[in-house]
Amino acid sequence: MSSKETTRMHSQLPKQVDVAIIGGGIIGISTAWALAKAGKHVAVFEKGVLAGEQSSRNWGWIRCIGRDPAEIPLSLRANQLWRDIQQQVDVGYRQLGLAYLGESAQDKEDLQQWLDTVQAYATPARLLEGTDIEQVLREPSTRPWTSAAYSAQDGVAEPHMATAGIAQLVRELGGEIFEHCAVRGLRLQQGQLTGVVTEHGEVACSKVVLAGGAWSRMMCRNHGVFLPQLKVHGSALRTTPLTTQLQLPINGKDFTCRPRSDGGYTVSKLAASVADVTPDSIRLLRWFFPAWMAQKQYLKIRFGRRFFTELFTPSRFALDTATPFERVRTLDPGPNLTSVQEALRKLQHAFPVFAKAEIAQAWGGMMDVTPDALPVISEVAAIPGFFIGTGFSGHGFGIGPAAGELLAQMVQGHRPDIDPKAFSLQRFQRGQSPQ
Ligand SMILES: Cc1cc2nc3c(=O)[nH]c(=O)nc-3n(C[C@H](O)[C@H](O)[C@H](O)COP(=O)(O)OP(=O)(O)OC[C@H]3O[C@@H](n4cnc5c(N)ncnc54)[C@H](O)[C@@H]3O)c2cc1C
């Protein structure tokens with residue numbers, strides 16, 4: 001789908017909408033879909049192209065396995081919504097099942113411990129052992145997999161198709177989508193939210209959803225809203241098409257892989273993530289230090305050019321002239337090739353059938369993370385009508401449609417089907433640091 005054919009012209013900017021959405025990733029577009037289904041006049045503003053950032057760069061996993069219990073209701077609801085979406089438009093959704101594999105007694109204990117924490121939610125997840133694992137994998141392996149947390153209801157969608165597909169549903173319902181149209185900020189009059197200021201003009205509205213991914217903190221900071229959020233760099237590669245019996249996503253600790261609908265595999269590993277030291281990581285040190293310690297086997301901390309790039313990026317700016325949002329249309333960090341090549345080697349060792357796999361492409365993406373790795377899905381108390389859906393911490397694609405539905409219910413003042421308390425912005429407000 002070419003963006004030229006589908007994007008509204010900037011000269012057609014509406015004067016007024018019910019809800020303005022900042023960001024055309026999976027969260028912004030899913031929110032727009034839920035609001036458009038409810039009959040709301042909605043406009044999405046994307047500074048670059050739809051899903052240009054995280055939403056097209058992820059692994060494509062849709063999983064309940066391994067999630068924080070607080071996110072399980074969203075992941076169960078998302079499964080229903082993905083099925084519904086796939087019936088209307090091809091987003092590559094397939095319910096293939098998904099497994100986290102273990103080798104040692106400690107791995108089994110960890111997997112069982114996670115299963116125990118989500119027991120109350122009636123998930124389809126269960127522990128597999130012995131030949132049950134072989135039956136699920138179907139491909140001979142050299143590794144002694146002795147345990148697996150498995151869910152038959154988990155699956156995949158194709159990131160390069162998903163947001164564009166849901167956007168098509170939004171347009172069919174009358175929703176408007178503007179690409180290359182950055183929102184510079186909120187228009188506030190005597191403390192009241194009255195609209196958004198875009199680079200092509202103002203649009204009046206009393207409700208705004210910020211789904212700006214890695215840019216959300218910058219938008220919040222400019223309006224005096226404290227959002228502790230940092231960027232973490234992730235990488236992945238895809239192989240050329242390959243015939244194997246392995247037909248579900250697996251996490252083997254030192255590699256991950258999932259079958260793609262083009263016949264290849266997306267390959268990476270949990271430990272492919274790098275957190276650059278930036279001025280924000282120093283400002284937010286006390287919020288993120290415990291998370292960095294807990295994640296240290298998966299996360300590399302690096303000091304480099306990004307420190308200076310961010311140091312010289314203004315954090316406060318006026319809305320009547322070009323803002324940082326217009327200067328970087330798409331965050332496009334290169335991949336950490338060493339790390340993903342290593343993951344492919346581990347996969348080839350574990351499953352010899354992958355010996356013939358060749359790298360077709362490798363890429364990087366910037367994940368937006370919060371201190372507790374849970375998203376913010378919340379109204380901002382200080383600015384009534386301003387809602388945030390961000391901070392999905394490397395796992396927002398799979399739950400995206402459900403997070404969008406939850407945001408839409410909150411925006412309309414409906415009682416949400418899923419309790420949003422764990423995702424409240426308020427959890428970060430106590431004893432907050434300087435911004
Ligand atoms: C390598 C990698 C692997 C991942 N794997 C998975 C996975 O397997 N499963 C999973 O569930 N999740 C995964 N994730 C995480 C997932 O991709 C994200 O959580 C999700 O895509 C976030 O969606 P979003 O819409 O919030 O953000 P984004 O997709 O980043 O979209 C935000 C958009 O807002 C736009 N924007 C920002 N500011 C403005 C502004 N002022 N005006 C206009 N537009 C603006 C940006 O240009 C951007 O397009 C992965 C992420 C990465 C990087």
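Mentor: The side chain of Arg427 comes within 2.8 Å of the backbone oxygen of Leu374, and it also reaches the backbone oxygen of Phe423 at 3.3 Å. A polar contact is a pair of N or O atoms within 3.5 Å; within protein, one must be able to donate a hydrogen and the other to accept it, and residues adjacent in sequence count only if both atoms are side-chain atoms. The model is predicted, with local features needing pLDDT of at least 70 and side-chain atom pairs pLDDT 80 or more, while totals for chains, interfaces and linings use all residues. Residues are numbered from 1 along each chain as its sequence is written, and side-chain values use heavy atoms, leaving out hydrogens and water.

Trainee: Is Arg427 buried or exposed?

Mentor: Buried means under 20% relative accessible area, exposed over 50%, and partly exposed in between (1.4 Å probe, protein chains only). Arg427 has a relative accessible area of 17%, so it is buried.

Trainee: What is the strand order of the open sheet of 6 strands?

Mentor: Two strands pair if DSSP finds at least two bridges between them, strands being DSSP runs of E with at least two residues and helices runs of H or I with at least four, numbered from the N terminus. Here the order is S8-S2-S1-S12-S21-S20, with mixed pairing. Strand S8 (176-178) and strand S20 (376-379) are the edge strands, each pairing on one side only.

Trainee: How many bridges join S12 to S21?

Mentor: Strand S12 (residues 207-210) and strand S21 (residues 386-390) run parallel and are joined by 3 bridges, and Leu210 stands opposite Ile388 in S21.
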